[in-house]
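Here are my notes on the model you sent over.

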Amino acid sequence: MDVPVIELSGVEKRFGPVEVLKGVNLRAYPGKVTALVGDNGAGKSTLVKGLAGVQPYDAGEVRFAGEIVHLHTPREASALGIEVVYQDLALCENLDIVQNMFLGREETSGGTLDEGVMERQASETLQSLSVRTVKSVRQKVSSLSGGQRQTVAIARSVLKKAKVVILDEPTAALGVAQTEQVLNLVRRLADSGVAVIIISHNLVDVFAVADYISVLYLGQMVAELATKDTNNDDVVGYITGSKTYEGSVA
Amino acid sequence: MSTTASTPPPVIGSGHEGGVRDQIVNYFRTVRQGEMGALPAIGGFVVLLVLFSFLSSNFFTPLNLANLLTQTATLMMLAMALVFVILLGEIDLSAGVTSGVTASVFVVLVHNVQMNWILALLIAFAVGLAIGTFIGFFVARVGIPSFVVTLGLFLGFQGLQLLIIGTGGAYRIETPEISAIMNKNLPILWGWIFLAVAIAVDLGISLWDRARRKRAGVINRPITLMWIRVGVLAVGGALFVALMSVDRAAGRGTLNGVPIAHDVIEGVPIVVPIALVLLWAGTFILDRTRYGRHLYAVGGNGEAARRAGIKVAAIRMSAFMVCSTLAVVAGLFDASRIGVVTASSGSQIVLSGVAAAVVGGVSLFGGRGRLIHAAIGALVIAVIANGLGLLGLPAGVNFLVTGGVLILAATVDAISRKRSGGTLVR
């Protein structure tokens, strides 16, 4: 078994009287896809926002490559190589693909934007992910389809050699063909050595792409399973709380 | 759709590939997809130029064209100032009165305090910057809609200006350097030198860009395109400078067949290089610096910009600061042309400035538009007033036509937005 690149233990978060995360453990491994599933309100988003540094956890331990780290701002998370692709993608439609991929971390030389370097790195990143659906890296995002936008958002996250990429419902708004494309992209992303955490409601997608499945139920991690050792009914059982599980990943 | 090692890597273009022909085809494709930019405004401007040239023999004369430029300059500066806030989807209704208040501050300091004019100028700019900071603070930090904050200032500053100038008061501009902006011309040689420098700078930056892209290992557009652009700039600029080098006062009248003695008026009006340098500098900042990129990003999707680590509130504040500071320039232009600063200077112009930006193709929704769009929009609005005035039509017609053009421009923008949103990539 690999060493997890990111390991949460006993993570807690409360909003006033509401305890959203009650001592959650989570692990993600380099080169593997870990699916984070759970019903609405289980605490998936809160868990992810803590990892992103957007909403720091109240208690618990976060280990990155074995070291204890503190994630208080998005910059700290980003500096470690933790990138989040949110469900609403957060792209600027008025900018092109290169501009979006480099937003907030533009390459400059002589005090001005170095468009050539950014353009080359953007194409290389897209090509390394075997992206075929994009014609030109200078297309405005407003002219892209949903799947293409998802591709750009994912490419943006891996541009700076991310070690952990968290995808929030990447296929939620996509059609069949585009879902297929994005799942392939997720697989290639993991194959390149990145630890991928994917949040999804769609168990078909989860079983198609994930190596491990972690189930959150009402703020607690009720199961951590290897995909090959489990099945759809079991996972649904954990999600709905009709089934309980003791133990952890083999 | 599995990838194997034998599959060649997919080729992703950048729009820079192909010859001149492909580039032109590409350009028209993006236009069809709704990225029209200033094209409708340029078309409109050309149509108006031709139309008025036919309708009035006094229109296409060096004298009137020079007049047109000085008539446009104030509106152009204000519209350019407004672009910075409009790009964020914000508005500054107080930009006009800011120009009036700061011009008042300047003229009162020079007249009543006998202050050195350069010092007075610096204080006027400082006041403009302070006003922008004030607006930016309330919009970006306190969170009040810019419409409300600047509406408040619009009302309040008319009162402030009244207090500075005094009821019914008017101060003459007696600083020769300020009067010269609109009323004096460059020596003819200097006009040509300015043109040569402008072409050299443009060419230098283009070549530098190409060298830098080449170093990065990405494709450049065909160099022919660059020469065409520089050629158009050179020919157009030369025609303009030549036109402005003619004695504009000649032939204004004869007495018994002998031309009346007159002062020679020739050369490019001084305001032209000032406005062009500001236009160029602003465009450089918006297109080529991280700050400019972040401004567009915040205007396009503030949340995306925030998540990308951009300091959104700081960008918002800065836009208002730039806008108010540039409004000071507009105020000085206006004072120079009119020759006096009154209690109502600048109070009427702001909505024309917004109209100029929109006519030129700047989107009020934010994120789309360039300074040159505002400049062209201002030219369109000014040429309407100028041409209709020459035709002797009442001022009411001018307002009606300007309003119609504004709605037309907004319609074109809305339709192109619909199109660009509706068509996916082909």
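1. Ground rules. This is a predicted model, in which local features need pLDDT of at least 70, side-chain atom pairs count only at pLDDT 80 or more, and totals for chains, interfaces and linings use all residues. Residues are numbered from 1 along each chain as its sequence is written, while chains are lettered from A and ligands numbered from 1 in the order in which they are written.

2. Chain A overall. Chain A has 8 helices and 12 strands; these are DSSP runs numbered from the N terminus, with helices being H or I over at least four residues and strands being E over at least two. Its radius of gyration is 18 Å, close to the 18 Å the globule rule gives for 250 residues, so chain A is as compact as a globular protein of that length. (That radius is taken over C-alpha atoms, and the rule is 2.2 Å times the number of residues to the power 0.38.) The C-alpha atoms fill a box of roughly 55 × 35 × 35 Å along the principal axes.

3. Among contacts between residues at least 6 apart in sequence, 65% join residues at least 24 apart. A contact here is a pair of C-beta atoms, placed from the backbone, within 7 Å.

4. The 6-strand sheet. In chain A, an open sheet with mixed pairing runs in the order β6-β9-β10-β3-β11-β12; two strands pair if DSSP finds at least two bridges between them. Its edge strands are β6 and β12 (220-226) of chain A, each pairing on one side only. The twist averages 20° from one strand to the next. Inside the sheet, β3 (33-38) and β10 (195-199) of chain A pair in the parallel sense over 4 bridges, and T34(A) stands opposite I197(A) in β10(A).

5. Helices on that sheet. Helix α1 (44-52) of chain A lies across β3, β6, β9, β10 and β11 (212-217), at about 140° to β6(A). Helix α6(A) lies across β3, β9 and β10 of chain A, at about 150° to β10(A). For these angles, axes are lines fitted to C-alpha atoms, for helices over the stretch in contact, and values run from 0 to 180 degrees between N-to-C directions.

6. The 4-strand sheet. Chain A also has an open antiparallel sheet with the order β2-β1-β4-β5. β2 (18-28) and β5 of chain A stand at the edges with a single partner strand each, so one side of each is left without a neighbour in the sheet. Strands β1 (6-15) and β4 (59-64) of chain A are joined by 5 bridges, with E7(A) partnering R63(A) and E12(A) partnering A59(A). Helix α1(A) packs on this sheet too, touching β1 and β2 of chain A and making about 65° with β2(A).

7. The hairpin. β4(A) pairs with β5 (67-69) of chain A over 3 antiparallel bridges, and V62(A) stands opposite V69(A). The two strands form a hairpin with 2 residues between them, and A65(A) in the turn has a positive phi of about 50°. Worth a look in your viewer.

8. Helix α5(A). Which elements cover its buried residues? They include β6 (82-85), α3 (97-101), α4, β9 (164-168) and α6 of chain A. In α5(A), 12 of the 13 residues are buried, so this helix is largely enclosed by the rest of the structure.

9. Chain A against chain B. Here 42 residues of chain A are in contact with 36 residues of chain B. The largest share of the chain A side, 8 residues, comes from α4(A). That side divides into 13 nonpolar, 17 polar and 12 charged residues, where Ala, Val, Leu, Ile, Met, Phe, Trp, Tyr, Cys and Pro count as nonpolar, Asp, Glu, Lys and Arg as charged, and the others, Gly among them, as polar.

10. L87(B). This residue lies in the loop between α3 (62-86) and α4 (95-112) of chain B. Is L87(B) buried or exposed? It is buried, with 26 other C-beta atoms within 10 Å. Leaving aside residues up to four places away in sequence, L87(B) touches L295(B), Y296(B), G299(B), G366(B), G367(B) and G369(B).

Note on methods:
A residue is buried if 20 or more other C-beta atoms lie within 10 Å of its own, exposed if 12 or fewer, and partly exposed in between; C-beta atoms are placed from the backbone. Two residues are in contact if their C-beta atoms, placed from the backbone, lie within 7 Å.
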